[in-house]
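Dear colleague,

Please find below the structure that I am handing over to you. My notes on what was found in it follow directly after.

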Amino acid sequence: LIKDPMVKNIECPGANQDIIVTGMMGRKRTDITLKRIEIEKIIKKFSEETKIPAHEGVFRVVVGKIIFSAIVSSIISSKFIIR
């Protein structure tokens, strides 16, 4: 999804919920879902790339042209948006 030029935003509203993409095609719900562990791996990957530790609460970093914003929580499912 990140490599698709039509996609501007990728939104994961939480574990086991459909990923939502926004872009030239409008706002579309996909059939892609992520498990809690997969969401944690994505957050960890952005944390490692930027060398900024992810912590509970709001986590926002920039990698190249990508802006990654997440709400990190151990109680409820974490969620994120990639722009």
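**Salt bridges along the helix**

Glutamate 49 is partly exposed, with a relative accessible area of 48%. Please bear in mind that the model is a predicted one. The side chain of glutamate 49 forms a salt bridge with lysine 45, and the closest N and O atoms lie 3.7 Å apart. Lysine 45 is likewise partly exposed, at 47% relative accessible area. Because glutamate 49 and lysine 45 are four residues apart in helix α1, about one helical turn separates them.

A search of the whole structure gives four salt bridges.

- Glutamate 40 and arginine 36 meet through their side chains at 3.7 Å, N to O. Both residues belong to helix α1 and stand four residues apart, about one turn of the helix. Glutamate 40 is partly exposed at 39%, as is arginine 36 at 33%.
- Lysine 44 pairs with glutamate 48, with 4.0 Å between the closest N and O atoms. These two also lie in helix α1, four residues apart. Lysine 44 is exposed, with a relative accessible area of 51%, whereas glutamate 48 is partly exposed at 46%.

In general, side chains of opposite charge can pair when their charged atoms come close.

**The nonpolar core**

The largest nonpolar core has 17 residues, of which Ile39, Ile43, Phe59, Phe68 and Phe80 touch the most other members. At least two core residues come from each of β1, β2, α1, β4, β5 (66-72) and β6 (79-82).

Serine 47, in helix α1, is buried, with a relative accessible area of 11%. Beyond residues up to four places away in sequence, serine 47 touches Ile52, Pro53, Ala54 and Phe59.

**Two loop residues with positive phi**

Most residues other than glycine have a negative phi. Asparagine 16 has a positive phi, near 60 degrees. Asparagine 16 sits in the loop between β1 (7-12) and β2 (18-23) and is exposed, at 57% relative accessible area. Lysine 51 also has a phi near 60 degrees. Lysine 51 is found in the loop between α1 (36-50) and β4 (57-63), and is exposed at 73%.

With kind regards

Key. Residues numbered from 1 in each chain as written. Predicted model: local features only at pLDDT ≥ 70, side-chain atom pairs only at ≥ 80, totals over all residues. Heavy atoms only, no water. Buried < 20%, exposed > 50% of the residue type's maximum accessible area, 1.4 Å probe, protein only. Core = buried A, V, L, I, M, F, W, Y, C linked by side-chain atoms within 4.5 Å. Contact = heavy atoms within 4.5 Å.
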